[in-house]
Every structure is written in C-alpha cells, then in structure tokens.
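Good morning, and thank you for coming.

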Amino acid sequence: PEQVLISLGISSRFVLEQIDEIYEGIYLACEKYHIDLVGGDTTSSLTGLTIGVTAVGTVKKEDIIKRNGAGPNDLICVTGDFGASFMGLQLLERERKLFEKDNVTQPDLSGYEYILGKQLKPEFPVSVLTALHDADIKPSSMTDVSDGLASDLIHICKLSDTGCRIYYSKVPVDYETSKLAEEFNIDPITPALNGGEDYELLFTVPLEMLEKVQAVQSVKIIGHMTSPDFGYLLVGDDGSEVRITAQGWGQKK
C-alpha cells in the first residue's frame, strides 16, 4: 500500500480530543509502513463510531503472489506465533466480567503484556517481506492469517488443490499464550490453530529453498503440502494424526 483514505462516522458523544487520538494512531501506522494519508470523508453517525479505511497500492505483475500456487512437497512457513491475540481477548473479557461483578477499578494484567499487545495493537510483519525479497525467495503461495491458522491454511490448500501436514511441536506459540491457555484449561494448540486475528504471514516455498528459508529470521517451517488425497492433518509428537478443520472466522458452515 502507498496511500490510505480514512472515512469516519462520528456521533455527538465523542469529543474532539478523542478523534485526535484516533488520528494519532493512524499517523503512527502511516509513518511505520511508509504510507501517505491522502483524504477521506467525515460524517455524523447516530449509532457511535464507524471507521472505514481504503488502501491503494501497486505491485509489479511478476511479484504478485496468490493463494493458489502451492504444490505437493512445498514447505509450509509462518512468521511470528499464533493464538496470542485470541488469548489476549479472553483475558480482557475475563477481567471485564470481574470488573462488572466486583467493581474492581484496575485489573492486574501484569505478565501478559505481549498477548494484550497482539490483541489491541497488532503489527504486520513487513520486514519479513523485505527479507524474503533480499534472499531471492518468492513463495509459491501466501496469505495473511486473520481467520485463524487452520482456516487460512485450508484456504491455500483448497485453492491450490493440495493437502497438508503440519506438526504439533512446530506450530509457534508464545509463553504467555501457553500460560493463559493452561489457566483456561485449553490446549494451546487450539487458539493457535483457530483463534484468528494473528495477522502473521503464512506462505509456502518449494522444497529446494529449505536452506534459504531457514536463514530468514522469524520465519518458521511448520510442515509441508501433500497431494489432496491425504487431506489436512496435524501430526502429534507421538506420530498420531488429527484432521484439521477450519473453525476460525470467515468460514462457511
């Protein structure tokens, strides 16, 4: 993206200082990602606050990477870790319920700064795109993970007519995510696969690029693509296989 336009619908209960704070965040994002804010529209709202963002950008035709280019034996790669945003949301919802019940003025959220940041201020791993380009790595397919790792991986599989095998111990999960998942009696792999709103990158590369990909910091290999006959599988540490289902956001039931 090179330019963004912001449209706001604002009700009378918002004061000017609050709108200024919104734009401070917008300017911060524009500066971080080298994007120009070039306009938009502001109108009244009867229901609260509505924010609409239009991003405009260009890309060379030969640099376009779609979701339908993966092939059997391609390596499945990801950036960052998964499940943090979902567990951050669970923490905020739990503390809100405690606030409403006990009228606690300030919840103790210490020790969970990372997962709260992943929920409240997600950041796109743009540096990885630069690193892949510099290493002369062009993925065969790519998507961002917004619906959930399992859902978005299955999107690639269906569009590419492949299956997949990912490995339980290879799926990256942050310590805070695991710790809070245990408090909620949840296996950390569940939010990692199905939580959504991670905004990390999921992509595939041909097997011959293994060494190049391994040299890219913050990229992890979690499995490989297969022929479609094998389906979508999660392989446990003991070799057991569990079928992956798309339970994240945006799935047709």
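This is a predicted model: local features need pLDDT of at least 70, side-chain atom pairs count only at pLDDT 80 or more; totals for chains, interfaces and linings use all residues.

Residues are numbered from 1 along each chain as its sequence is written, and side-chain values use heavy atoms, with hydrogens and water left out.

Which members of the largest nonpolar core touch the most others? They are L149 and I166, in a core of 23 residues. By core I mean buried Ala, Val, Leu, Ile, Met, Phe, Trp, Tyr and Cys residues joined through side-chain atoms within 4.5 Å; buried is under 20% relative accessible area, exposed over 50%, and partly exposed in between, with a 1.4 Å probe and protein chains only. Helix 5 gives this core six residues, the most of any element. Helices (H or I, at least four residues) and strands (E, at least two) are DSSP runs, numbered from the N terminus. Another core, of 13 residues, lies apart and includes L75 and F203.

Turning to helix 3, residues 113-120, the buried positions are I115, L116, K118 and Q119. They lie on the same side of the helix, because they cover an arc of only 160 degrees around the axis, taken from the directions from the helix axis to the C-beta atoms.

Lastly, L5 lies in strand 1, residues 3-10. L5 counts as partly exposed because its relative accessibility is 30%.
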